[in-house]
Amino acid sequence: MTNWPPRWQPLSGVFLDAAGSYLSPALARHLLASRGSITLRYLGDRLWPAVPYGTRLEVTPVGDEPLLRGTLVLVIVDDIPDLLRVDADDGAVVH
């Protein structure tokens with residue numbers, strides 16, 4: 001098992017263990033379309049303590065149902081995949 005030393009960065013990192021690298025937007029779209037899910041590792045502190053650094057998560061495509069407040073979603077921010085929470089009041093994703 002790999003030890004993931006914490007490091008500060010302005011955006012969280014989304015690491016794909018299977019590829020041994022950070023997840024790219026193109027790879028995220030491809031994997032979700034072809035496999036229906038992605039197992040990734042969250043490398044960041046923005047969502048701490050709910051999602052600690054190094055947490056492994058499975059991501060699936062968003063369905064037709066409305067997302068509930070607090071739901072974690074994989075988004076692309078400035079061409080970088082990141083995890084954020086949904087704010088159900090206006091449907092916007094917030095962190």
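## Strand pairing and the overall fold

Two strands are said to pair if DSSP finds at least two bridges between them. In this predicted model, strands β1 and β3 are joined by three bridges and run antiparallel. One of the residues involved is Phe 15, whose bridge partner in β3 is Arg 41.

Of the 95 residues in the chain, 29% are buried. Among the contacts with a separation of 6 or more, 41% are between residues 24 or more positions apart.

## The four-stranded sheet

Four strands form an open sheet in the order β2-β1-β3-β4, and their pairing is antiparallel. The edge strands are β2, residues 21-22, and β4, residues 55-59, each of which pairs on one side only. Helix α1, which spans residues 25-35, packs on this sheet and touches β1, β3 (38-43) and β4. The direction of helix α1 makes about 145 degrees with the direction of β3.

Strand β1 comprises residues 13-16 and pairs with β2 in the antiparallel sense over two bridges. Leu 16 has Ser 21 as its bridge partner in β2. The two strands β1 and β2 form a hairpin, with four residues between them. Within the turn of this hairpin, Gly 20 has a positive phi of about 70 degrees.

## Strand β1 and Gly 13

Are the faces of β1 covered or open? Both faces are covered: Gly 13 and Phe 15 are buried on one side, and Val 14 and Leu 16 are buried on the other.

Gly 13 is located in strand β1. Its relative accessibility is 5%, and because buried means under 20%, Gly 13 counts as buried. Leaving aside residues up to four places away in sequence, Gly 13 touches Tyr 22, Arg 41, Tyr 42, Leu 43 and Gly 44. Gly 13 and Pro 81 are 68 residues apart along the chain, yet their C-alpha atoms are separated by 7.4 Å.

## Helix α1 and Pro 25

Pro 25 lies in helix α1. Why does Pro 25 count as buried? The reason is its relative accessibility of 11%, since the cut-off for a buried residue is under 20%.

When residues up to four places away in sequence are not counted, Pro 25 touches Ile 76, Asp 79 and Pro 81. Pro 25 and Asp 82 are 57 residues apart in sequence, and the distance between them in space is 9.8 Å, C-alpha to C-alpha.

## The loop between β5 and β6

Asp 78 is found in the loop between β5 and β6, the latter covering residues 80-86. Asp 78 has a positive phi of about 50 degrees although it is not a glycine. With a relative accessible area of 69%, Asp 78 is exposed, because exposed means over 50%.

Asp 79 also has its place in the loop between β5 and β6. For Asp 79, phi is near 65 degrees, again a positive value in a residue other than glycine. Asp 79 counts as exposed at 60% relative accessibility. Asp 79 is also one of the residues that Pro 25 touches.

## A cis peptide bond

Which two residues are joined by a cis peptide bond? The bond joins Trp 48 and Pro 49, and its omega is about 10 degrees. Pro 49 is situated in the loop between β3 and β4.

## The largest pocket

Rolling a probe the size of a water molecule over the atoms shows where empty space is left. The largest pocket in this model has a volume of about 310 Å³. Its lining is made up of 18 residues, and those nearest the centre of the pocket are Val 59, Thr 60, Val 62, Val 73 and Leu 74.

How values were computed
Residues numbered from 1 in each chain as written. Predicted model: local features only at pLDDT ≥ 70, side-chain atom pairs only at ≥ 80, totals over all residues. Heavy atoms only, no water. Contact = heavy atoms within 4.5 Å. Axes fitted to C-alpha atoms, helices over the stretch in contact; angles between N-to-C directions. 1 Å grid on protein atoms, 1.4 Å probe; cavity = no way out; pocket = protein on both sides within 12 Å on 5 of 7 lines; lining within 4 Å. Points joined across faces, edges and corners; volume = space filled by probe spheres on them. Buried < 20%, exposed > 50% of the residue type's maximum accessible area, 1.4 Å probe, protein only.
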